[in-house]
Amino acid sequence: MSQDRSNGEGMKMMTFKFLRKTDDATEVRSFVPLLGWLAVLALAGCAMSGNAGDPAAPRPFLQRWMDLTGARTGTPLSGSPGAGYTTLRRPTAVSARDNEVYLADAGLNRIFRYSRDQQTLTPFTNLAAGAGTRIYAAPDRSVYVTDPARAEVQHYAWDGTQLPSFVSPGNLARPVSVAVDERTGQILVADGLLDQFIAFNSMGMTLSVIKPREQLAIAAMTTGPDGIYVTDRIGRRVVVLGWDGAFRYALGGKDLGNPGAIAVSRDNSVFVSDNFDQTIKCYRGQKTEDRGQKTEYKESMLVARVGGVGAGPGSFNGISGLAVDGSLLYVTDSLNARVHIMHINR
């Protein structure tokens, strides 16, 4: 770690290193975040000031990120052994569950499973991955993949075995996101053409069609503590709906220019990609209880903003997917051919 001071004050520049074994040697890679990225964090209330060795020093909300640009090719559970090294070309979707990270790469037209333990990229299915492919790793370790061209959602077991697909003629025209309602086990699919949600049971049977009670242009969807979270590309905001489609509260407002991908943590931290300025913006959902025992929701405040247009460390160019798993945030930086991994400080 290096530190540059001017007039007794300065901003820290941090370098993170990791090792990657190759056929000939062990390569050491370092990533030095740009000072401009740190300045953006400071403006968002996440200044990285103070001594790193001082336990009382404030920590940024998102920190200690690293880049995944490729990995050793792993061996599929069924198929020929992997060999060599797989380099990402255009990652467009990501989902994580424990030590398994699923990636869709439109440049390679493949879906991969990245093992954090083994640090390998293994082909997961033979389904071609396009720009509109989205992935959801479910709590039961099965994996859902949107297939907009066929107006269906593909379903795979943990070992890549294909299970029956999810279709709903007349209701599902262009699936853009999948999530599982952990309260009921229902599978929720967002349709970006009809701007509605279809609830399926685990066998793929259509249970209900949820129509938002106000007009939305659905870009992406996920679920969280307060219900269904939707990025509204026309309203330029995040809308939080109840499980019946009723409006609860909105996030963003003037902060968002062109919202795209979304991810929500268990403590109701909401991460949204903004395609207008290539940043990730984080909000905290807020709610208050009134005397009538009814829950009143109000717009929450922006607590962090990271990124900006560019190819250097801490910059983005085409944020196409977000995923939260535990204390980690995964970001597909599509046109820079990498996946950022950031640590969430709570």
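**A quick tour**

Guide: The protein has 1 helix and 32 strands. Keep in mind that this is a predicted model.

Visitor: How much of the protein counts as buried?
Guide: Of its 346 residues, 49% count as buried.

Visitor: What share of the contacts comes from residues 24 or more positions apart?
Guide: They make up 43% of the contacts with a separation of 6 or more.

Visitor: Is Ile-341 buried or exposed?
Guide: Buried, because its relative accessibility is 12% and the cut-off is under 20%.

Visitor: What is Val-230 in contact with?
Guide: Skip its neighbours within four places in sequence. Then Val-230 is in contact with Phe-197, Leu-216, Ile-218, Ala-220 and Met-221, and also with Arg-237, Val-238, Val-239 and Leu-241.

Visitor: Fine. Switching to sheets. What is the strand order in the open sheet of 6 strands?
Guide: The order is S7-S6-S11-S10-S9-S8, and the pairing is mixed. Strand S7 (85–87) and strand S8 (91–97) are the edges, each pairing on one side only. From one strand to the next, the twist averages 40°.

Visitor: Zoom in on S10. How many bridges join it to S9?
Guide: There are 6 bridges between S9 (residues 100–105) and S10 (residues 110–115). The two strands run antiparallel. Val-101 stands opposite Tyr-114 in S10.

Visitor: And on to S11?
Guide: S10 and S11 (residues 120–125) are joined by 5 bridges and also run antiparallel. Ser-115 has Thr-120 in S11 as its bridge partner.

Visitor: What do the hairpins look like?
Guide: The S9 and S10 hairpin has 4 residues between the strands, and Asn-109 there takes a positive phi near 55°. The hairpin of S10 and S11 has 4 residues between its strands, with Gln-119 at a positive phi near 55°.

Visitor: How many residues of S10 are buried?
Guide: 5 of its 6, so S10 is mostly covered.

Visitor: Last topic, aromatics. How many aromatic pairs does the structure hold?
Guide: It holds 4. One of them is Phe-124 with Tyr-156, an edge-to-face pair. The centres are 6.0 Å apart, with 65° between the planes.

Visitor: Which parts does that pair tie together?
Guide: Phe-124 lies in strand S11 and Tyr-156 in strand S14 (residues 152–156), so the pair links parts that are 32 residues apart in sequence. Phe-124 is buried, with a relative accessible area of 8%. Tyr-156 is buried as well, at 4%.

Visitor: Why is the pair of Tyr-144 and Phe-166 edge-to-face?
Guide: Because the planes are at 65° and the class takes angles over 60 degrees. The ring centres are 5.6 Å apart. Tyr-144 is in strand S13 (residues 143–147) and Phe-166 in strand S15 (residues 162–166), so this pair ties together parts 22 residues apart in sequence. Both residues, Tyr-144 and Phe-166, are buried.

Visitor: Which residues form one aromatic cluster?
Guide: Tyr-102, Phe-124 and Tyr-156.

Conventions: Residues numbered from 1 in each chain as written. Predicted model: local features only at pLDDT ≥ 70, side-chain atom pairs only at ≥ 80, totals over all residues. Heavy atoms only, no water. Contact = heavy atoms within 4.5 Å. Buried < 20%, exposed > 50% of the residue type's maximum accessible area, 1.4 Å probe, protein only. Pairing = 2+ DSSP bridges. Axes fitted to C-alpha atoms, helices over the stretch in contact; angles between N-to-C directions. Phe/Tyr/Trp six-rings, centres within 6.5 Å; stacked < 30°, edge-to-face > 60°.
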